[in-house]
Amino acid sequence: MAVLTFDKNELGNLEYSLRREMLATDRIGGYMSTTIVGCNTRKYHGLMVAPIDDTDRAYVLLSSLDETVVQHDQSFNLALHRYRGVYEPRGHKYITDFAYTPTPTITYRVGGVVLRKELLWIHRRTQLMIRYTLVEAHSRTWLRLRPFLAFRDKHALSKANMEADGRSYPIPGGVRCRLYDSFPWLYMQTNLDSEFVAAPDWYYGFEYREELERGYDGHEDLLTPGYFELELHRGESVIFSASLDEMASPGTIDDIYAASLARRTHKTDFISCLEHSARQFIVRRHGRTEVVAGYPWESADPRRGLIALPGITLEQNHKEDCIACLDTLVGDMRDGMFTGDASAFRQADTPLGFFWVLQELARHTGEAFVWERYGGAMKQLLDSYRRGVGGRVALHGNGLVWAAADNVPLTWMNSVVDGVAVTPRSGYQIEVNALWYNAVCYTLELARRFGDEPFVREWEAMPERTRSSFAEKFWLPGLSYPADYVNGEEANTFIRPNMLVACGLPYTMLTEEQRFGVLRTVEQHLLTPKGLRSLSPRNPLYKGRCEGSPDERDVAGKNGSVWVWYLPYYAAASFAALGDAFLPRAEELLASFEEDIQSDGIGSLSELYDADPPHAARGAVSEAWSVGAVLALHDMIERRRAAAAPAPSGRASGAKRTKKAGKEKIR
């Protein structure tokens, strides 16, 4: 299918165009995001959203930029805003085309005037550039550019106030503005001579319909300091620059724009779009490299980052990005444990997910590299679990990891409503213990291979102890699938996708028969074309649609909604059980996402989907672990295809399985 093609006849249809959002990031924590017609529908939208201090908090500085074409003393405003139920102006009626690659480009036609607008968010610096080209004109034409400023946290909303400084201060080629003293200056300049007309004014009641639909306040006021105006001739281009750094000269603007545009890649197919999206989640700032969980409202999250990391980095052989993220985590270790949200004190599973990432990394760097660089951290983390973490997480004598805290969910099912966990799972959780077993087995394998005999002697009995206790606690008579969690009061048998972790990791405690039982259960209750439901539809707690108030969405998200990030575990378990016979199903699952990059987050994938058909996209419009999961699935398919291809020397090829005590690996 053609990729990222937009129906020109539908661009004027707001139900079509406002559901399609574009995103560009600077790789240092800032981004540009709006709809394909330039109308902001979220408080998180803006042409310049960026961090301004040492924290990871981002601020909307430049909300939007209105363009007006002036001919024969008539003005045609090309912008589109919504004010409390009314769209005004309605410049989308002039749009004739939108293209996403190599950079978002909108084409307008006003009578005999054709104007092309190209938006470019510059990498590694907080700077937006927009190039306007007068493609066609039969009379003298002026272009007027009016910036709207917010200068507020992206999670907040701006309201008219007396403290805001609407003044503009002249600089070469433009002006600098700063609404509040705690913010840096915003430098707005053009590469051609233009006049800036100072006319500070508040515009009231901008309405963001997506926020209202999500149950939040969706109205704000924005301040405009005035507008730029210049005459533009046919075939001529002008570049508008908004930056936290002053451009020394018009030539500097030209040079930066040309160099940045030349580095842009063309997103020519489904996978190249996802690979481009994947690169946007990696943020390098202040000597740290982290994964932004999703856009536009999420920040770095260690759990989601580790789950996403192999897919968003290693699938493109960007192992240096993967290593940099892991080094950041390891560099923050204290007393043998990760810190902050990466600690088992807050996320019982996250430090154990670190080992799974190392297993994926080893395919690209070799296990010697992994052991030399991370072996010490691996052993420290295991020992921390054995000692216990903050009274919340402990390794019991039976070899199982216990995680519990009053109304503080410690697994990925972490939603809380009115101070109570939506999915209380205190005790032995299946995915936590599956990750624990995998971590111990992998560390032991490397220790044996590289001669760490003291560690081997100390830990070699642990896998069997864990496996035996797991079989006793989780496998209940009469069921073909394991419990979701076990504690002193119950063995919870809700059908959830967490069981897939237990059979989709390189080291599994499950027998072949048990894996088949899990896969049958998952396919019967949870599998959809978009991923895995978080709860069986037969459960009375099941919610088929993730909509309504924030609390209602939190409940639905963990009690039915479909999550993409489980697909690699499902695929790994299915390939282990079925071999290449699973390839057609895997390819079908991969293809089911192709249409998704055409809507919602353009060129990316959403955070989750409704559990009921037609599985509408929900949540963040560009989510790291969703993109990572689909790219990981693609990588599995490509490796399977390569392994099944005829060997050049006539030797047998295909997937080679090796079994060791307590594990099954696919190589």
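## A covered helix

Helix α4, spanning residues 270–279, is mostly covered, with nine of its 10 residues buried. This description, like the rest of the report, refers to a predicted model. The buried residues of α4 are Phe270, Ile271, Ser272, Cys273, Leu274, Glu275, His276, Ser277 and Ala278. The elements that cover them include the strands β19 (282–285) and β35 (622–623), together with the helices α5 (302–313), α16 (583–591) and α17 (624–644).

The N-terminal end of α4 is capped by aspartate 269. A side-chain oxygen of aspartate 269 lies 3.3 Å from the backbone nitrogen of isoleucine 271.

## An open sheet

Five strands form an open sheet in the order β29-β30-β31-β33-β34, and their pairing is antiparallel. Strands β29 (527–528) and β34 (617–618) each have a single partner strand and stand at the edges, so one side of each has no neighbour in the sheet.

The partner of β29 is reached through two bridges, which join β29 to the antiparallel strand β30 (residues 531–533). Threonine 528 has glycine 531 of β30 as its bridge partner.

## Aromatic pairs

The model contains 35 aromatic pairs. In one of them, the rings of phenylalanine 148 and phenylalanine 206 have centres 5.6 Å apart and planes at 70°; because an angle over 60 degrees counts as edge-to-face, the pair is given that name. Phenylalanine 148 belongs to strand β12 (residues 141–153) and phenylalanine 206 to strand β16 (residues 195–207), so the pair ties together parts that lie 58 residues apart in sequence. Phenylalanine 148 is buried, at 0% relative accessibility, and phenylalanine 206 is buried as well, with a relative accessible area of 3%.

Phenylalanine 470 and phenylalanine 474 form a stacked pair, with 4.6 Å from centre to centre and 20° between the planes. These two residues are four residues apart in helix α11 (residues 462–474), and therefore about one helical turn separates them. An α-helix has 3.6 residues a turn, so residues three or four places apart point the same way. Phenylalanine 470 is buried, with a relative accessible area of 1%, and phenylalanine 474 is buried at 0% relative accessibility.

## A cluster, and charges over rings

One aromatic cluster is formed by Trp356, Trp412, Trp563, Trp565, Tyr566, Tyr569 and Trp625.

The charged end of arginine 20 sits over the ring of tyrosine 16, at 3.8 Å from the ring centre. Likewise, arginine 214 places its charged end over the ring of tryptophan 297, at 4.1 Å from the centre.

Key:
Residues numbered from 1 in each chain as written. Predicted model: local features only at pLDDT ≥ 70, side-chain atom pairs only at ≥ 80, totals over all residues. Heavy atoms only, no water. Buried < 20%, exposed > 50% of the residue type's maximum accessible area, 1.4 Å probe, protein only. Contact = heavy atoms within 4.5 Å. Polar contact = N/O pair within 3.5 Å; in protein donor to acceptor, adjacent residues only side chain to side chain. Pairing = 2+ DSSP bridges. Phe/Tyr/Trp six-rings, centres within 6.5 Å; stacked < 30°, edge-to-face > 60°. Lys NZ or Arg CZ within 6 Å of the ring centre and 35° of its normal.
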